[in-house]
Amino acid sequence: MKKNNSFTKDLSAQQRIEIDACTQCGECLKCCPVQEVTGKPKISPPEKMRMFREFIKATDGMKSRLFGQSEIDKELLEDFTKAVYECTVCGACGEACTVGIHTQRLWPMLRREMVKRGLGPLGVQTKMQEVITNTGNPYNKPASERFSPWFPAHVSVEEKAEIAYYAGCTGVYEAQPMVKGDVLILGASGVPFTMLPPEDEVCCGFPLFITGQHDMLEGLVKRLVDAYAVRGVKTLVCSCPCCVNIMARDWPAFYGKELPFKIRHISQFTIDALNSGALRFKRELNERLIYHDPCYLSRGVGVIEEPRSVLRSIPGVELVEFERHGMDSRCCGSGGAARKVFHDNAIAMGRLAIDEAVAKKADRLILACPACYAKVNEAMSDHDKKIKITDIMELAAEMIDCGER
Ligand code: SF4
Ligand code: SF4
């Protein structure tokens, strides 16, 4: 470990206090989904806090100030790095925390500390910056395939409009029924909307932010915000919870000032359109639905009621809840950019959601996140329990009868 390698200088005062404040009570262990499927003690929030305190002690403690910083055990650094990247950054531990530690914000900052030391990120995450620079998305897919395979031909997109729609990389490349549903709903509402051309709708920055790789963020955010501003956008609508999360919470900081438009989740746009009469469900659905709250939508930005209101507005629908829902929901395993590195964990967590939905005798599992959509569908193949999985906007578009699907 090099000298002057403080582990706290880039953390906020609140985060330094939070690391100190953990009482090691273990209350959060009861709700950690990674802990539940792996049983590994090193992954637990109190153990991660304890390890990070060791780093602080070595680089920022009284002894280090008097006698210089001491070496940190390499194995401890590697154990911590693995633990902080195996976490799905779902934030459930923060919701349960007895001293109110905001873990959904803290863990990515601790990941950034490991990136600075060349220890993180892990696996395919290490290629993200290069891939996004080359293609504009973290999936290494050509921009020419961003909209063309799924965009409904009858929906028109304006050059300029007060509403803009950002589709997002995971939706367009891994969960096309979801983004197609979004566009069908926007089109059916009759509200003019604009979009950036596929080569300009680059990554929102969330995968880089959540894995602690912050160098490119300012550039990506400025490029996107300025492109929407010249189109006269006043409201940016998006369905991906990860995109909405970074847009609402972090874009202003990377942009350097307040955004020139509001951020709305597609469920917020949809419930407004249903309430105003711009949209109306024409079909009945006599089914028992169970809705899974995406972690970055519920705990991330507090969008909990709007998706439920959309579903309850469909005639005939009975809505049931997971034992843990809303602010307490259990991660389906796809968060924190961990799903492609810790695949088996993600599959096991996805199956917990499937099993509970089946046990609750739901006819359909409703998701609202492209990462959940891709991974939970994957988790169901080769699983003994089966349930129909549908994205919320895919279902809404079907019930509104938006024409071509
Ligand atoms: S954020 Fe989620 S996965 Fe990570 S430690 Fe907390 S509860 Fe576990
Ligand atoms: S609940 Fe909070 S204080 Fe208790 S161990 Fe977990 S993180 Fe630490």
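Helices (H or I, at least four residues) and strands (E, at least two) are DSSP runs, numbered from the N terminus. The structure described here is a predicted model, in which local features need pLDDT of at least 70 and side-chain atom pairs count only at pLDDT 80 or more, while totals for chains, interfaces and linings use all residues. Residues are numbered from 1 along each chain as its sequence is written, and chains are lettered from A and ligands numbered from 1 in the order in which they are written.

The protein chain splits into domain 1 (13-120), domain 2 (124-272) and domain 3 (281-400), with bounds that come from an automatic or database domain assignment. Between the C-alpha centres of domain 1 and domain 3 there are 29 Å. These two domains touch through 14 residues from domain 1 and 16 residues from domain 3, where residues are in contact if their C-beta atoms, placed from the backbone, lie within 7 Å. On the domain 1 side, two or more residues each come from α2 (33-38), α5 (74-86) and α6 (92-96). Helix α2 provides the largest share of that side, 4 residues. Sorted by class, the side of domain 1 that touches domain 3 holds 8 nonpolar, 4 polar and 2 charged residues. In this sorting, Ala, Val, Leu, Ile, Met, Phe, Trp, Tyr, Cys and Pro count as nonpolar, Asp, Glu, Lys and Arg as charged, and the others, Gly among them, as polar.

The ligands come next. Ligand 1 has 16 residues around it, and Cys-32, Cys-87, Cys-90, Ala-92 and Cys-93 come nearest; a residue is near a molecule if its C-beta atom, placed from the backbone, lies within 6 Å of it. At least two residues of this shell are supplied by each of α2, α6 and α7 (103-116), and the largest share, 3 residues, belongs to α2. The shell around ligand 1 contains 12 nonpolar, 4 polar and no charged residues. Ligand 2 is surrounded by 16 residues, the closest being Cys-22, Cys-25, Cys-28, Pro-46 and Cys-97. Two or more residues of the shell around ligand 2 come from each of α3 (45-60) and α6, and α3 gives the most, with 3 residues. Here the classes are 11 nonpolar, 4 polar and 1 charged.

Two strands are said to pair if DSSP finds at least two bridges between them. Strands of a sheet pair through backbone hydrogen bonds, either parallel or antiparallel. Strand β1 (residues 163-166) is joined to β2 by 2 bridges, and Ile-163 has Phe-193 as its bridge partner in β2. Strands β1 and β3 (residues 235-238) pair in the parallel sense over 4 bridges, with Cys-238 of β3 as the bridge partner of Tyr-166.

What does the largest nonpolar core look like in numbers? It has 127 residues, and those with the most contacts inside it are Ile-185, Cys-243, Met-247 and Val-376. Such a core is a set of buried Ala, Val, Leu, Ile, Met, Phe, Trp, Tyr and Cys residues joined through C-beta atoms within 7 Å. Apart from neighbours within four places in sequence, Cys-243 is in contact with Tyr-166, Gly-168, Cys-204, Phe-206 and Cys-238. Val-183, in helix α10 (residues 176-189), is buried because 24 other C-beta atoms lie within 10 Å. A residue counts as buried if 20 or more other C-beta atoms lie within 10 Å of its own, exposed if 12 or fewer, and partly exposed in between, with C-beta atoms placed from the backbone.

Some backbone details deserve a friendly second look. Most residues other than glycine have a negative phi, and most peptide bonds are trans. The peptide bond from Gly-120 to Pro-121, however, is cis, with omega near -5°. Ala-337 has a positive phi of about 55° although it is not a glycine; this residue, in the loop between β6 (318-320) and α18 (343-359), is buried, with 29 other C-beta atoms within 10 Å. Asp-382 also has a positive phi, near 65°, but is exposed, as 8 other C-beta atoms lie within 10 Å.
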